[in-house]
Amino acid sequence: MLCGRYRNGKLLLLSFVLLLALCTYVYKRHGKPTKSHYNVMVWWSPYEKQLDYHRKCGDVECRFTSDRKAQRDLFFSGYLFHGRKISIHDMPEKRKIDQYWGLYHDASPKNAPFLLHGLDIFNLSSTFSRHSTVPLTLQSFTTLEELINYKNMYTFGLKTSFQKKMKLAPVLYMQSHCDTLTGRELYVKELGKHIAIDSYGNCLKNKTFPDGITNDSMDINDVQNFYDFVSKYKFIIVYQDMICEDYIADKFWKSLSLGIVPIYFGAPNIRNYLPNPNSAILIDDFATPSDLAQFILQASNNEDLYTSFLYHKTLDVYPISNQLLVNAIFKEDIFYLEDRKTRGIAEFECTACVQSFHQEKQQSQQNELSCELPFFPPGNFTWKALPRIRKFLERARMEAAIMHKMAGVSET
């Protein structure tokens, strides 16, 4: 009898010691002993090589790490993917039904073709689309101060003087890549037959930067010298390589902040984001490159017409008439460009962590990325880009099929 009690007591003590050891291990490893306060997510394709940190997201403490071994963690709940780093040949082997996948992609689908047909493998997304879970539509927007500050621009008179003294063309073009999906280089080449264009990039290059001018983003002095030089031009071509709603190149916002009138082809709904109705010359509004060139020449020689494109710089009262843009600026609190990407990633991470923790079953909608291919400007000068578009679309469908099969998503 006594021996039985002794043995039971010893077993009870041993069980207590083992339970205490387990709790201590979990606490030391995770900082929180229970699932009710903790969650782990693995950046499978991280935005930086090595990541491992904790973030408090509401009532949930979340660990985000690029260490793939963490997928064996007791509190692991899903994967995060950076779109620029995704490879269809390097994905998790098998997706469990309760596993969450989140996509962060701050570029166009050109860098990840499968997204045109495979966005629905993710539970949530953070993309340029205003329809995504955490939209990045205005991430490349300049600061409000830069946008409206007239001190960041040269006047019409000074720009005209620069044209004569420095032998500058009215139009600036800077692109490194030819053979685009939108036939950009084909259109610009035709436009150049009707108006002078200074092209400094590797594509259609006909001019080199003056001594001392480089576009070195790592050197603040070089950047400022570069911006000062390009702002001497009256117009700049901003012709995007993908045509998607809400996808707006950072070059567009930068040209507005520098007081250069953008000649724009890109997002079909760009008018929703213009500071004022005439803040850009839209290529879609002209039947041919010749018609566009005639209008640019007219504006280049007419101060009143030219200045009408820069009301966001020249008007002291209500410089931005687009209330939708104003509301978006203040809603997203995007005053500091250097903080914006960091805040965007943090919001994406917390949204993913909290949703996966609470098992909020969601699925990104494929129509979130409203992209059009082929999509060319008027004039029928870019049809030679069709073969490369067909090749790109074939690759997109093939990659999407692989991703759907791997992720267990039915293609319907």
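Reader: What is the torsion about the S-S bond of Cys62 and Cys353, and is the disulfide left-handed or right-handed?
Author: The torsion about the S-S bond of Cys62 and Cys353 is about -95°, so the disulfide is left-handed. This pair joins distant parts of the chain, with Cys62 in strand E3 (residues 60-65) and Cys353 in helix H12, 291 residues apart. Helices (H or I, at least four residues) and strands (E, at least two) are DSSP runs that are numbered from the N terminus.

Reader: Before I go on, what kind of model is this?
Author: This is a predicted model, in which local features need pLDDT of at least 70 and side-chain atom pairs count only at pLDDT 80 or more, while totals for chains, interfaces and linings use all residues. Residues are numbered from 1 along each chain as its sequence is written, and side-chain values use heavy atoms, with hydrogens and water left out.

Reader: How many disulfides does a search of the whole structure find?
Author: The search finds 4 disulfides, a disulfide being a pair of cysteine sulfur atoms within 2.5 Å. With bonded cysteines counted along the chain, the pattern is 1-6, 2-7, 3-4, 5-8.

Reader: How far apart are the sulfur atoms of Cys57 and Cys350?
Author: The sulfur atoms of Cys57 and Cys350 are 2.0 Å apart, and the torsion about their S-S bond is about -70°, so this disulfide is left-handed. Cys57 lies in strand E2 (residues 52-57) and Cys350 in helix H12 (residues 337-357), so the pair ties together parts that are 293 residues apart in sequence.

Reader: And the link of Cys178 and Cys203, right-handed or left-handed?
Author: The link of Cys178 and Cys203 is right-handed, with 100° about the S-S bond. Cys178 sits in the loop between strand E7 (171-173) and helix H5 (184-191), and Cys203 in the loop between strand E8 (197-199) and helix H6 (220-230), 25 residues apart.

Reader: Is Cys203 buried or exposed?
Author: Cys203 counts as buried because its relative accessibility is 1%, where buried means under 20% relative accessible area, exposed over 50%, and partly exposed in between (1.4 Å probe, protein chains only). Cys178 is partly exposed, with a relative accessible area of 33%.

Reader: Changing topic, where is Ser108, and which residues is Ser108 in contact with, leaving aside its neighbours within four places in sequence?
Author: Ser108 is in the loop between strand E5 (100-104) and helix H2 (115-118), and Ser108 is buried, at a relative accessible area of 1%. Apart from neighbours within four places in sequence, Ser108 is in contact with Phe128, Asp241, Met242 and Tyr247, contact meaning heavy atoms within 4.5 Å.
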